[in-house]
Amino acid sequence: MDTEAKIPAAAYRNLVVATVGFTLTFWAWDLIAPLGSWYGDRLSLSSFQQSLLVAVPVLVGSVGRIAAGALTDRYGARLMFPLASALTIVPVLLLIVVKDSFGLLLVVAFLLGIGGTTFAIGIPLVNSWFPPAKRGFALGVFGMGMGGVALSGYFTPRIARHGENLPFVVVAVALAAYAVLAAFLITDRPGRPIPSASLARRLGQAGRLRVTWELSALYAIGFGGIVAFGVYLPTYLKTWYELDPTDAGTKAAGFALVTVVFRPIGGWLSDRVHPALVTSAALGVVALLAVVQAFDPPLNPGGTTALLVMAAGLGTASGSVFALVSQVTPQAKVGSVTGIVGAMGGLGGFVPPLVMGAVYSAKGSYSIGFMLLSDLALAGCVYAYGRMRTVRPEGDTPAPDVSKVAVPRP
């Protein structure tokens, strides 16, 4: 049956608007990382302090997704997307005020985490508008919004050349314009299931699903790896390969761009092959190339090739994992499960920068960090292949095996 003909125009409108919003808020979420070395020099920060500064927004944005996803289940993306975008403006502008205080920067970095919560708002929105046979690709397209990290890595240091406060003003204006447009253009699907249970109860129900934590672990490796590289790769390239901040930011943006391109590819492949198989293959590639990078190859061509192939693997895995989420989660719980899984993915990106900074400070090498990444990716590869191929929907609301359904449920 032709599922394409059954998808309304509103679905594509919501997909485009949500992806743009995800991109902008992710740019805001990642504003500190491309300027990390600038803050480090300005405030005489240690490697660990610099790592902490770029990691704090990741932590808060990740944990905040739990509440954002559950609130989206209840109140809808039409309210939550403009609200989250507008609230993100506050910490973006505060970065101008607190740039000379490390302590205050940490506080504002905490607030900047609001920008990272929109992932858990967009996933249930897109999931509700598209039929099962098209969700993998649609969710992958929405996931391209993580390209905000690439935009930040490339444009933020370049805009800063024309004024150290200018990047924050530009992003704040863009967020304000988007919040207004989103209030008019985003619409929740008519007849979407609205849970009546309390926030705590819904999160508890999602937390009792075994698959929530299995997917969380896989997403912590895939998307967590993307976030970790996004926030720490400029520092790694500057420290280990002695690149200037602009060049390091450009190369980091290239890494992020590859992850963006391969995320919908992961979703597209998952519409045709079981997403567990796609996830397993992608993480296997990451495991292999992380070992290569652990031996500190020259940046050109060895290091560049290894990092870009890892980016492709991580992008593919992050797309395929959420294709699996849409298969095994009851519709009314997608937001809550997405919030938890997305939070674990973001938390997966919080720890590595701290580990890399601490290991480098202690040992003067990044090899241990890359070997740990290889071990985790290999574990995810084996688990995805051995267990996740047999997963079926579970929970207190019966749900069919939508991997075998070609049209939306009535």
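Start with helix H11: with nine residues, H11 gives the most to the lining of the largest pocket. Helices here are DSSP runs of H or I with at least four residues, strands are E runs of at least two, and both are numbered from the N terminus.

The model is predicted, so local features need pLDDT of at least 70 and side-chain atom pairs count only at pLDDT 80 or more, while totals for chains, interfaces and linings use all residues. Residues are numbered from 1 along each chain as its sequence is written, and side-chain values use heavy atoms, with hydrogens and water left out.

**Stop 1: the pocket**

The largest pocket has a volume of about 440 Å³. Select Ala 228, Gly 348, Pro 352, Leu 373 and Leu 376: of the 21 lining residues, these are the closest to its centre. Now colour H11 (210-240), H15 (334-363) and H16 (367-386), the helices that each give two or more residues to the lining.

A pocket is an open set of points on a 1 Å grid over the protein atoms alone, where a 1.4 Å probe fits and protein lies on both sides within 12 Å along at least five of seven lines; lining residues have an atom within 4 Å of a point. Points are joined across faces, edges and corners, and the volume is the space filled by probe spheres set on them.

Colour the lining by residue type: 17 are nonpolar, four polar and no residue is charged. Nonpolar covers Ala, Val, Leu, Ile, Met, Phe, Trp, Tyr, Cys and Pro; charged covers Asp, Glu, Lys and Arg; the others, including Gly, are polar.

**Stop 2: the salt bridges**

The whole structure has five salt bridges, each a side-chain nitrogen of Lys or Arg within 4 Å of a carboxyl oxygen of Asp or Glu.

Select Arg 42 and Asp 100, which meet at 2.6 Å, N to O. Arg 42 sits in H2 (residues 36-43) and Asp 100 in the loop between H4 (77-97) and H5 (102-112), 58 residues apart.

Last, pick Lys 99, which meets Glu 164 at 2.4 Å, N to O. Shared partners join Arg 42, Lys 99, Asp 100 and Glu 164 into one network.

**Stop 3: accessibility**

Which of these counts as buried? Lys 99, at 13% relative accessibility. Arg 42 is partly exposed at 33%, Glu 164 is partly exposed at 35%, and Asp 100 is exposed at 52%. Buried means under 20% relative accessible area, exposed over 50%, and partly exposed in between (1.4 Å probe, protein chains only).
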